Amino acid sequence: MNRLNFKLEATASGSRARAARFTTAHNEVLTPTFMPVGTHAAVRSQRREDLLDSGSQVLLANTYHLMLRPGVGILGKFAGIHGFMNWPRSVLTDSGGFQIFSLPGSRTLQEDYAEFRSYVDNTLLQLSPERSIEAQKIIGADIMMVLDQCVPSTVEHAVARKAMELTHRWAHRSLAARGESAQAMFGIVQGASYLDLRVESARVITDIPFDGYAIGGLAVGESSAEREECTATVSELLPQDQPRYLMGVGTPLDLLEAVHRGIDMFDCILPTSLGQQGLAFTSLGRRDLRRAAYRDKDGPIDPACVCYTCRTHSIAYLFHLLRVHESQVWQLLALHNIHFYLKLTRTMREHILAGTWLPFYYSQRAILDARDSYGKAVTHVTKAMRRKDKLTRGRYEVIVRDEVGFIRDKTSGEVMHPINNPVEEARSLYVEQSRLVERLQTPAARPLVVWDVGLGAAANAMAAILAVEGSPHAQRPMTLVSFENDLDSLELALANIGWFTHLHHAAPRELLASDRWINRAGTVEWLLQKGDFAARKFAAPAPDLIFFDPFSFKTDSSLWTLAAFRELAGLCTPRKVELFTYTSSTSVRAAMLAAGFHIARGRGTGAKTETTIGLSPLAAAAAHSHELLGAEWLAKWRRSDAQAPHGSLPGDTSWHAAVSGHPQFAAGSG
Ligand SMILES: [Zn+2]
């Protein structure tokens with residue numbers, strides 16, 4: 001009998017991350033999920049309403065502590081923990097194994113039971129699998145855990161094996177003790193940090209018909225690399241169609257890594273315990289609110305959070321409460337941190353379901369690990385750091401608005417993607433408009449070639465790579481060719497990566513190091529063409545799509561001339577090519593038309609109502625959904641004083657006839 005009615009909803013492409021749902025006696029649980037720790041039938045300092053409000057679906061309570069206080073007799077009187085604490089959603093109880101073996105004080109271990117002294121009244125108590133399960137039944141846990149023997153992950157192999165084997169025998173006894181109860185029960189895989197033991201334990205435990213499986217005995221001394229390897233190895237051996245729970249883990253980054261490796265459920269005391277120390281987890285990384293830099297900061301600790309604390313109090317006020325040791329600050333920070341964990345697991349779930357897990361995973365890895373990389377007033381940092389030259393390189397400098405970085409050319413004063421968030425603009429103007437992801441869903445003999453003219457800080461290139469990595473249905477490889485004559489802008493952005501979150505990925509550094517990056521699956525190749533586009537374009541594979549995003553005529557004048565577009569059109573004419581660029585300048589459109597491109601209106605961005613799409617004649621003749629410029633634009637152009645393409649010679653007016661007589665304006669077309 002499957003007591004939880006587990007349903008696997010989606011598994012991410014290129015990852016073991018999965019989204020699922022199951023139903024307990026009290027509610028439906030959507031995974032991945034985080035379970036706040038309510039050891040003593042209370043999450044420290046948090047009201048029931050706050051926990052409900054945070055979206056907590058399952059609370060974790062502890063059998064060992066509840067047996068000592070208030071005692072199962074009291075809990076029984078209140079119809080279990082749900083009645084006692086008036087909690088309407090699920091409860092998972094740990095068996096007490098971890099506490100018996102980790103808390104100070106003497107204990108003895110026999111085959112039948114562990115014996116220890118109560119920290120409440122020093123009486124001698126025994127805990128066997130049968131007694132633990134009996135207590136968990138009375139507590140009324142929706143999910144009970146088997147009694148296990150937990151040893152530090154660093155013990156010797158022989159000790160770890162002995163504990164593991166006892167855990168296996170106790171697992172059978174725990175399940176037998178559950179009997180016909182409708183409460184669900186999870187088995188626990190042990191084996192310390194020894195992969196051979198972990199594999200053996202996973203095989204033995206998954207042979208026992210539990211309702212879900214946990215990985216225990218981690219987060220007790222091993223390195224995060226060891227833990228991640230162990231998690232990946234064990235999770236691979238657990239059944240697909242049952243929940244997987246990684247006990248006692250961890251930081252937000254640990255959760256992200258574990259979800260990537262196939263884990264569904266977590267518990268950890270960090271949101272509350274670190275809150276007590278003045279630490280907050282935020283969408284921008286970890287913040288230590290005791291730092292003097294926060295003394296006068298207005299605004300919430302996390303601009304992306306809607307919890308009570310963030311809605312109500314400024315950073316400066318929380319800093320002050322910490323300074324005067326006002327106890328409510330623990331409550332306020334724990335409340336925020338719990339919200340953050342729950343929101344993080346919900347967001348992970350959304351990305352898994354939407355097929356965008358991998359780009360999310362890559363972008364979050366660096367963000368979740370960041371520590372106070374922002375925090376101070378950005379203008380202040382900018383000034384201080386500029387003195388150290390960290391914010392300038394060659395002809396470029398970094399400017400920061402709302403914690404987003406932009407690259408400015410100091411000589412011309414021009415800013416890359418100045419209007420919007422560069423990453424948003426890249427996604428909208430280039431990736432979405434070009435229907436890049438859809439194009440890759442049709443198999444073809446050769447890779448789709450995308451030219452990225454003006455690599456800059458790699459906003460367009462990374463938007464393309466992240467979109468492709470996030471698309472589970474790609475059938476056709478992509479070759480992305482970035483052209484750049486001055487790599488200082490990318491180097492500069494990488495040196496200030498906290499403000500350029502799209503660079504949290506292995507690809508940009510690899511590209512700089514070796515002019516080439518290929519993803520693990522071999523489906524995305526990224527090539528760097530260093531030097532002037534005018535010359536380098538002949539060395540690259542012919543394009544299907546062009547993201548034409550150099551600085552404007554003011555800075556990169558040679559790229560926008562009639563002669564330059566004629567050369568480009570020469571390369572594009574034998575093929576179906578679509579070109580996307582951010583400008584809607586009349587003279588640029590005239591130059592492109594005169595060069596032989598057909599011109600359509602591109603979508604707007606920021607305050608700009610239009611951008612420009614160029615189509616090679618073959619692309620214009622094929623089916624497309626772009627809106628070509630018509631007679632109205634031509635009439636406007638005739639009246640314009642910016643008729644002449646950039647760089648056209650005074651004596652040469654051949655462009656005029658080429659624009660006026662362009663086939664796209666012929667009667668009946670457009
Ligand atoms: Zn908050």
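**Strands, zinc and cysteines**

Mentor: Start with Leu448, which stands opposite Met478 in E21. This is a predicted model, in which local features need pLDDT of at least 70 and side-chain atom pairs pLDDT 80 or more, while totals for chains, interfaces and linings use all residues. Residues are numbered from 1 along each chain as its sequence is written, and side-chain values use heavy atoms, with hydrogens and water left out.

Trainee: In which sense do E20 and E21 pair?
Mentor: Parallel: strand E20 (residues 448-453) and E21 share six bridges. Two strands pair if DSSP finds at least two bridges between them. Helices (H or I, at least four residues) and strands (E, at least two) are DSSP runs, numbered from the N terminus.

Trainee: How many residues of E21 are buried?
Mentor: Seven of the seven in strand E21 (residues 478-484). Buried means under 20% relative accessible area, exposed over 50% and partly exposed in between, with a 1.4 Å probe and protein chains only. Met478, Leu480, Ser482 and Glu484 point one way, Thr479, Val481 and Phe483 the other, and all are buried.

Trainee: Switching to the metal. Which residues are the protein donors of the zinc ion?
Mentor: Cys305 (SG), Cys307 (SG), Cys310 (SG) and His336 (ND1), at 2.0 to 2.3 Å from the zinc ion. Donors are N, O and S atoms within 2.8 Å of the metal (3.2 Å for Na, K and Ca); water is not among the atoms, so sites may look incomplete.

Trainee: What's the geometry of the zinc site?
Mentor: Tetrahedral, with angles of 102 to 118° among the four donor atoms. Four donors get that label if all angles lie between 85 and 135 degrees. The ideal angle for four tetrahedral donors is 109.5 degrees.

Trainee: And where do Cys307 and His336 sit in the chain?
Mentor: Cys307 is in the loop between strand E16 (285-288) and helix H12 (308-312), and His336 is in helix H14 (residues 328-354), 29 residues apart. Cys307 and His336 are both buried.

Trainee: What else does H14 do?
Mentor: H14 lies across E1, E2 and E3, at about 115° to E2. Those strands form an open sheet in the order E1-E2-E3, with antiparallel pairing.

Technical notes:
Tetrahedral: all angles 85-135°; square planar, octahedral: opposite > 155°, others 65-115°. Contact = heavy atoms within 4.5 Å. Axes fitted to C-alpha atoms, helices over the stretch in contact; angles between N-to-C directions.
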